[in-house]
Amino acid sequence: MADNGATLKVAVIGSTGYGGVELIRLLLTHPRVELVSVISSSQEGALFVDGYPHLQEIVPHRLEGIDPASIAKKASLVFTATPHGVSSALIPRLLEAGLKVIDLSGDFRIKDGAVYEQWYKHKPADAALLEEAVYGLAEVFGHEVRGARLISNPGCYSTTMLLGLVPAVAAGWIDPGTIIVDAKSGVSGAGRGLALNVHYSEANENLKAYKVNRHQHVPEVEQTLSQVAGRPVTITFTPHLVPMTRGILATSYAAMTERASRDEEQWIELYRQYYEGRPFVRIRNKGSWPATKEVWGSNYCDIGFSVDARTGRVTILSVTDNLMKGAAGQAVQNLNLMMGWDETLGLRLAPVYP
């Protein structure tokens with residue numbers, strides 16, 4: 001798509017969730033974007049700041065209902081930060097109205113509708129749109145994002161795991177059939193809705209696994225790794241909830257192949273070459289492993305390694321802020337790529353520390 005220097009008018013559907021409000025925070029300071037509409041079918045007519053007082057005198061908008069024709073009169077592109085099962089029915093109407101769409105739900109991530117239905121327990125989206133939707137893992141498929149009209153933004157766990165695993169799988173340095181991932185996430189990943197497992201008394205001073213071997217991001221990761229490997233890949237994945245607000249740490253284990261070096265410095269060089277020119281992936285020096293606090297509030301994914309010559313396995317540690325690189329930040333990165341802009345526009349944010 002040609003870059004003519006004009007300001008792009010955008011709308012956000014599902015603006016009252018954590019992903020939606022984080023997206024709004026980024027769009028407000030984006031140099032090429034004007035936020036013209038915030039939309040919530042459940043709170044139509046209310047002031048946005050009634051739910052988020054920290055944005056008083058910053059976001060003056062009232063929440064609007066979902067009307068694709070009305071949205072298209074104001075905006076050219078819409079972000080859908082809606083629950084799973086909603087986007088699949090809504091997005092065809094948005095596309096028919098002439099809008100471009102970046103979807104933050106899981107409805108268009110999995111190409112096989114039967115697999116989606118098995119894991120998400122919802123009716124899949126239209127097969128033609130599933131085929132058209134570009135999976136927006138920017139560092140891997142960014143070339144496909146340019147000029148697309150429908151982007152499926154990856155999941156937070158998926159982004160963190162895949163950025164850590166894809167270069168090793170692509171290079172043939174690990175046996176894809178031996179991948180095990182242990183990941184831990186802050187409670188904001190569960191959204192703003194009320195649920196017992198994220199109640200303060202349940203989550204505080206507690207560490208617990210959930211959705212063991214049945215998390216909905218499993219088929220998304222397997223689909224991408226299979227594409228990279230050129231053969232079917234399955235993984236073992238256990239997510240954990242930890243008592244912090246933001247962040248994901250994914251610790252991935254795999255057996256190294258004979259092609260792989262036992263030298264951590266060569267692993268580091270492999271990854272630095274793979275992600276060369278991709279500003280939001282940072283590869284740690286030898287002996288340095290990333291922590292969630294070190295990417296907090298930013299669009300970075302930091303990756304570190306430990307090679308165990310004794311067992312012939314490699315441990316790959318990757319961290320993201322689940323609301324940024326795992327959701328809103330990556331959505332803005334995909335917007336930039338879609339429009340042919342510098343992918344860092346609106347995202348040049350240093351992590352907040354401590």
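In this predicted model, strands β10 and β13 pair in the antiparallel sense, and eight bridges connect them. Within this pairing, Ser252 stands opposite Ile316 in β13. Seven of the eight residues of β13 (residues 313-320) are buried, so this strand is largely enclosed by the rest of the structure.

Strand β13 also has a partner in β12. Strand β12 (residues 301-308) pairs with β13 in the antiparallel sense, and Asp302 stands opposite Val319 in β13. These two strands form a hairpin with four residues between them. In the turn, Gly312 has a positive phi of about 75°.

Strand β10 (residues 248-255) is likewise joined to strand β7 (residues 180-185), and the two run antiparallel. The bridge partner of Ile180 in β10 is Tyr253.

| Strand pair | Sense | Bridges |
|---|---|---|
| β7 and β10 | antiparallel | six |
| β10 and β13 | antiparallel | eight |
| β12 and β13 | antiparallel | seven |

These pairings belong to an open sheet of seven strands with mixed pairing, in the order β8-β9-β7-β10-β13-β12-β11. The edge strands are β8 (208-209) and β11 (281-283), each of which pairs on one side only. In a regular strand, the side chains alternate between the two faces of the sheet.

The helices may be considered next. Two packed helices are described by the angle between their axes and the distance between the axes. Helix α8 (residues 156-171) packs with helix α11 (residues 264-274) at an angle of about 100°, and their axes are 10 Å apart. Because angles of 65 to 115 degrees count as roughly perpendicular, α8 and α11 are roughly perpendicular to each other. On the α8 side, the residues in contact include Leu163, Leu165 and Val166, while α11 contributes Trp267, Leu270, Tyr271 and Tyr274. By class, this contact of α8 with α11 has 11 nonpolar residues, one polar residue and no charged residues.

In soluble globular proteins, nonpolar side chains tend to be buried together. The largest nonpolar core here has 43 residues. Among those with the most contacts inside this core are Ile179, Trp267, Tyr271 and Ile316. Helix α8 gives the most to this core, with 10 residues. A second, separate core has 42 residues, among them Leu104, Val134, Val145 and Met339.

Technical notes
Residues are numbered from 1 along each chain as its sequence is written. This is a predicted model: local features need pLDDT of at least 70, side-chain atom pairs count only at pLDDT 80 or more; totals for chains, interfaces and linings use all residues. Side-chain values use heavy atoms; hydrogens and water are left out. Axes are lines fitted to C-alpha atoms, for helices over the stretch in contact, and angles run from 0 to 180 degrees between N-to-C directions. Angles under 35 degrees count as roughly parallel, over 145 as roughly antiparallel, 65 to 115 as roughly perpendicular and the rest as oblique. Contact means heavy atoms within 4.5 Å. Ala, Val, Leu, Ile, Met, Phe, Trp, Tyr, Cys and Pro count as nonpolar, Asp, Glu, Lys and Arg as charged, and the others, Gly among them, as polar. Two strands pair if DSSP finds at least two bridges between them. Buried means under 20% relative accessible area, exposed over 50%, partly exposed in between (1.4 Å probe, protein chains only). A nonpolar core is a set of buried Ala, Val, Leu, Ile, Met, Phe, Trp, Tyr and Cys residues joined through side-chain atoms within 4.5 Å.
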